[in-house]
Amino acid sequence: MAIPKRKALTSLVLRLLLCIVLLLLTAPLLLAQPTLSGALPDAPEVEMPANMDAVEFYLITVDTGNHVWDNFGHTALRVVDSSSDTDLIFNWGVFDTSGGNIRFARNFVRGQMVYQLGVVPPAWEFNRYRREQRTVWQDRLVLNSRQKARLYTRLAWNLGAENIDYDYDYFFDNCTTRLRDYLDEALQGELSENSGSLMPETFRDEVFEHYRSRPVIAFGLDVMMNERIDQRMTRWESLFLPANLRSELQRKGLLADPETLMEFTPPADKVNPYWVLAGFLVPLVLLTALVRQSPIAAFGSQPGFSFAVPGFSYRLLGLLALCVVLVSGDLGMIMALGWWLSGHADLHGNINLLLFWPTDLLLLGMVFTWFWKGRVKDMTPGRHQLWTFYFLLRILSLLAYLVVCLFNVSSQQTNMLLLTALPTMLLFFLLTMISGMRPVRGMRFY
């Protein structure tokens, strides 16, 4: 009975690892857009301020930060009623972690993200942004008394126990789009009017752009997310970003009295991860130039190919292999398990599974021989044939990826992977198959 238990434990560990990795990599994307459900509640059901002219609404826009989860910025609404001397921040980015981080991560992976509206004093909210060193802008919303009353009524409705929670979605239901839709409702469609034109950017463009300060995250998200994020955004959809919403409201003359409440230097852009990936081609080309046919095979082995300067060459191959195998295997595992376990449609049916395989992690045994021992990996003819078959499959999958991309079989954007990852992976597997292993026949004495 030990084997089933071991399998169950392995499955549990893999699920937990997937939850943690996906939470770290994709939590920063948690932004969204709501669809207002139901009719606006009647004004008599809400206790309205006696004087709506004494109520002011302020758009709060928070710049990107230095953490993985805040690279898109944040939007909130400040409501000030001078007649009752109240000042509150409405924040749609609150979620419940009382069930523990593992439960939260598990629900996130399943696509069960429940966020809610939180209301706090400004000092609480602004102190947090000050600690995080994030710039905060405040703009007064230009609304008449009737528009203020509609927005105030919607906020009161939102605070109801049955309405305070909502299902979070990266691009279509978040802290920014909640406020966007409420404002559009208060303005009776003025904000959404003529906003169906297509923008030049796609959702993928915005994801990569906002993670330039986090190149590893940018690369991981670019690989793991499928063709659903490659559609061009409409102007309305682009308002899922806090900075875009502020710009659009300014363009329509709906903001006044701009004020910078606090200012910090935004995170600096780091090196493009695809340039790093392209850099792997240089040592791989060098190793290709060092390939030599073995004129005399080792005792009991078959002739084949090896490298000149074997000590240096195999250690260099081992170092490159360690990077390639870990990146390919980990990304392949996340994409495969994400497709199987996750409720996020953006992780399903990703053609990059042709490029990165979770089974590449099995090559770590060879990596040890190459890097630690500085020599070719000897193996029995049977194992050699099995690995040769695997490498041929990998090369065929890479060629299939090339065909899919060149002939636009899929609308998923893969240009940078096609230019950098594909030639790197193709050259790596060709070198490994030709020079990285050698069949050795055992000797029998009678």
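**The second largest pocket**

In this predicted model, I looked up the second largest pocket and found that 22 residues line it, with Phe219, Leu277, Cys323, Val327 and Leu331 lying nearest its centre. I noted a volume of about 530 Å³ for the second largest pocket.

I then asked which helices each supply at least two residues of this lining. They include helix H7 (215–224), helix H9 (273–279), helix H11 (310–341) and H15. The largest share of the lining comes from H11, which gives eight residues.

**H13 against H15**

Helix H13 (residues 381–406) packs with helix H15 (residues 421–435) at an angle of about 160 degrees, and their axes are 10 Å apart. Angles over 145 degrees count as roughly antiparallel, so H13 is roughly antiparallel to H15. I also noted that the crossing in which H13 passes H15 is left-handed.

On the H13 side, the contact is made by Thr388, Phe391, Leu392, Arg394, Ile395, Leu398, Tyr401 and Leu402; on the H15 side, it is made by Leu422, Met425, Leu426, Phe429, Leu430, Thr432 and Met433. How do the residues of the contact of H13 with H15 divide into nonpolar, polar and charged? I counted twelve nonpolar, two polar and one charged.

Technical notes: Residues numbered from 1 in each chain as written. Predicted model: local features only at pLDDT ≥ 70, side-chain atom pairs only at ≥ 80, totals over all residues. Heavy atoms only, no water. Axes fitted to C-alpha atoms, helices over the stretch in contact; angles between N-to-C directions. Helix = DSSP H or I, 4+ residues; strand = E, 2+ residues; numbered from the N terminus. Parallel < 35°, antiparallel > 145°, perpendicular 65-115°, else oblique. Left-handed = near helix turned anticlockwise from the far one by under 90°. Contact = heavy atoms within 4.5 Å. Nonpolar A, V, L, I, M, F, W, Y, C, P; charged D, E, K, R; others polar. 1 Å grid on protein atoms, 1.4 Å probe; cavity = no way out; pocket = protein on both sides within 12 Å on 5 of 7 lines; lining within 4 Å. Points joined across faces, edges and corners; volume = space filled by probe spheres on them.
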